[in-house]
Amino acid sequence: MSETWTIGELAEHAARALRDGAAAAGHAANGRVRDVPGERLIRWYTTIGLLDPPLTRRGRIARYGRRHLLQLVAVKRMQAAGHSIAEIQTALTGATDHTLEQASGLNGSLPRPDPAPAVAGDGERARFWAERPGSPPEGSAAGADGPGPAAGVVTGIRLGDGVRLVLDGRRALSDEDVQAVLAAAGPLLAVLEERKLT
């Protein structure tokens, strides 16, 4: 069974991670941005797409996982750095867990979620949709390109100010892929600038 948190536990873990990170870096709180995310804010972030939908929902109880914590802390850190919600949405759309770890500053230092409560009749097969895309069962033909997002997962590359390339990729982009795309984007960026589209 997957390990998850309630929305209240997610808020507590995010608040602790943000406090610990700010103290370690010696940052003062940004007076414009509330540094502690509450349950209402988490729901709003989910509504506008900054956080993925909950992994599971039983009645009124939603369960969240590791990726949600990464997303939440990354959003709050970017807000504290002065980025607008629109800029954060652009930067984090389709972000991989690795990208979120870097943006959140939580590289490998995540708290362990509590095991989700067992529900009668809730077998592993019933939770197939809660698994991360691109993690096919061992021995299956899917995912022959290695781990990473499955078809339909959106990935973005920031080409320049106001220009983002969005890909519906079949695999995660490597650093080499990103560098090749950035190198090839030069002529496109020149045309966009010449035509005053950026």
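W44 is partly exposed, with a relative accessible area of 41%. By that I mean the band between buried, under 20% relative accessible area, and exposed, over 50%, using a 1.4 Å probe and protein chains only.

Before going on, a word on the source. This is a predicted model, in which local features need pLDDT of at least 70 and side-chain atom pairs count only at pLDDT 80 or more, while totals for chains, interfaces and linings use all residues. Residues are numbered from 1 along each chain as its sequence is written, and side-chain values use heavy atoms, with hydrogens and water left out.

Back to the two rings. Rings of Phe, Tyr and Trp, the last by its six-membered ring, pair if their centres lie within 6.5 Å; planes under 30 degrees apart count as stacked, over 60 as edge-to-face and the rest as tilted. The count by this rule is 1 aromatic pair. The ring centres of W44 and Y45 are 5.7 Å apart and their planes are at 40°, so the pair is tilted.

Now the overall layout. The protein has 7 helices and 6 strands. Helices (H or I, at least four residues) and strands (E, at least two) are DSSP runs, numbered from the N terminus. From the N terminus on, the order is β-α-α-β-β-α-α-α-β-β-β-α-α. Of the 198 residues, 32% are buried. Contact means heavy atoms within 4.5 Å. Among contacts with a separation of 6 or more, 61% are between residues 24 or more positions apart.

Next, helix packing. Two packed helices are described by the angle between their axes and the distance between the axes. The axes are lines fitted to C-alpha atoms, for helices over the stretch in contact, and angles run from 0 to 180 degrees between N-to-C directions.

Helix 3, residues 66–80, packs with helix 5, residues 97–104, at an angle of about 45°, and the axes are 8 Å apart. Helix 3 and helix 5 are therefore oblique to each other. On this scale, under 35 degrees is roughly parallel, over 145 roughly antiparallel, 65 to 115 roughly perpendicular, and the rest oblique. What meets helix 5 from helix 3 is R66, R67, L70, Q71, V73, A74 and R77, and the residues on the helix 5 side are D97, L100, E101, A103 and S104. By class, this contact has 5 nonpolar, 2 polar and 5 charged residues. Here Ala, Val, Leu, Ile, Met, Phe, Trp, Tyr, Cys and Pro count as nonpolar, Asp, Glu, Lys and Arg as charged, and the others, Gly among them, as polar.

E101 is buried, with a relative accessible area of 16%. Leaving aside neighbours within four places in sequence, E101 is in contact with R66, L70, L106 and N107.

Helix 3 also packs with helix 4, residues 85–92, at about 135°, with the axes 10 Å apart. That makes helix 3 oblique to helix 4. Helix 3 contributes A74, V75, M78 and Q79 to the contact, and helix 4 contributes I85, I88, A91 and L92. The contact of helix 3 with helix 4 divides into 7 nonpolar, 1 polar and no charged residues.

Last, the backbone. Most residues other than glycine have a negative phi. K196 is not a glycine, yet has a positive phi of about 55°. K196 lies in the segment after helix 7, 186–194, and counts as exposed at 71% relative accessibility.
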